[in-house]
Amino acid sequence: MQVLSLVFTNLRRHRGRALIGTAGIAFGVAAMLTIVAIVTGAIGMFQRLLSSDSHYLVFERNVSDLFFSSVTREQVAAIRARPEVESAHPVLFGVVSAPDHPVITCFGIEPSDPRLARAKWQSGTPAAFGAREDEVYLGSRAAEFLQARAGETIAIGRGQFRVGGVFQTENGFEDGGVFMPLAQAQAFFHRGDAASVVTVKLRDRRRGDAFKAGITTAEPGVIALENREFNSTYNSFKILNFTAWAVGICAFCLGGLGVANTMLLSVFTRIREIAVLRVCGFSRAQVAGLIFGEAASVAAAGVTAGFALGFGLLAVLQRLPQFQGYVRSGIDVPVLLGIIGTAFVTAAAGALYPARFAARIEPAEALRYE
């Protein structure tokens, strides 16, 4: 209790330094929270995009990215012919450009794709999708930044296309994309009769193992993964998650240096005071505990301020059209616990050397110091 009282007394006496350490931890917490929320939001959108009304994904085996995957028309027909399959929808991914917009995701889909029926159509109808040649459909956000409406002609790549309709979905990737009938997209991207992936819905989900085994035997060039299995094994998702945590930990390292600097200055300016504590009966462990206690208090304040700053920033980003759907509003409890744990570990690491230095102060020598 005596050590705890001294912790808060020392922090109040050195408010400026304590605030600097708190700000460092708060910056790390806010940075990690924001980055993880955006990355997991983007991954979640791509997962929902792939799992649209389906149980399994089929794509080319050993491919590094789904944009390079090729599933041929014959393979799609073989998948559809399997007795376990209720429906299968090929999707071709590509990237197109428009004036002032060099990168726009393009989706080649069939008119029967369920995402067309579920979308909220602002103009045009699902029944008209693919009825005319040289026609594209726009997600609502793509229509905004391209400033295009149904019936107008827009430049996509080196071609001119009529906008057949505009629709809105809950998926930010789709809302910012251009949609083409599958055959038209295959011709545009020179992909022959290939699709990137096939989303498969089974008649009975319990027959998933039989479906996977059948695909492996009959079509060795492709692989079938259950949606949740794909989400946990897809390399791009792993890289994005790793990057998010790596950037966040770097931000924490900066915060840890701030805590180390704060604690170190605090110890150097209190050498005689620490010596007096030792003379009055404080053990080396109690002196070290005093420094670690101050660092833990700084970390606790930093975590509180960081969460307030991070969630405030996420609330603002969610309302920006550019981030529509890209920011995940709910953060998993394990992620929050991971951020809190990282903050306290960083603060403890920053206080390690100052605490060791303070614990090794010899009272007699220190009292002659000044």
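Helices H12 and H13 are roughly antiparallel to each other, because their axes cross at roughly 150 degrees and angles over 145 degrees count as roughly antiparallel. H12 covers residues 284-318 and H13 residues 333-359, and their axes come within 8 Å. An axis here is a line fitted to C-alpha atoms over the stretch in contact, with angles running from 0 to 180 degrees between N-to-C directions. The contact of H12 with H13 has 24 nonpolar residues, no polar ones and 1 charged.

This is a predicted model, where local features need pLDDT of at least 70 and side-chain atom pairs count only at pLDDT 80 or more, while totals for chains, interfaces and linings use all residues. Residues are numbered from 1 along each chain as its sequence is written, and side-chain values use heavy atoms, with hydrogens and water left out. Helices (H or I, at least four residues) and strands (E, at least two) are DSSP runs, numbered from the N terminus.

Now the strands; pairing takes at least two DSSP bridges. E2 (residues 85-98) and E3 (residues 101-109) run antiparallel, joined by 6 bridges. Ala98 stands opposite His101 in E3. Their hairpin has 2 residues between the strands, and Asp100 takes a positive phi near 70 degrees. E3 also runs parallel to E8 (residues 178-181), with 4 bridges, and Gly108 stands opposite Met180 in E8.

Last, H11, residues 271-279: which of its residues are buried, meaning under 20% relative accessible area with a 1.4 Å probe and protein chains only? They are Ile271, Ile274, Ala275, Leu277 and Arg278. These cover an arc of only 155 degrees around the axis, which puts them on the same side of H11. Gly281 follows H11, with a positive phi near 115 degrees.

Technical notes
Parallel < 35°, antiparallel > 145°, perpendicular 65-115°, else oblique. Nonpolar A, V, L, I, M, F, W, Y, C, P; charged D, E, K, R; others polar. Buried < 20%, exposed > 50% of the residue type's maximum accessible area, 1.4 Å probe, protein only. Arc of directions from axis to C-beta.
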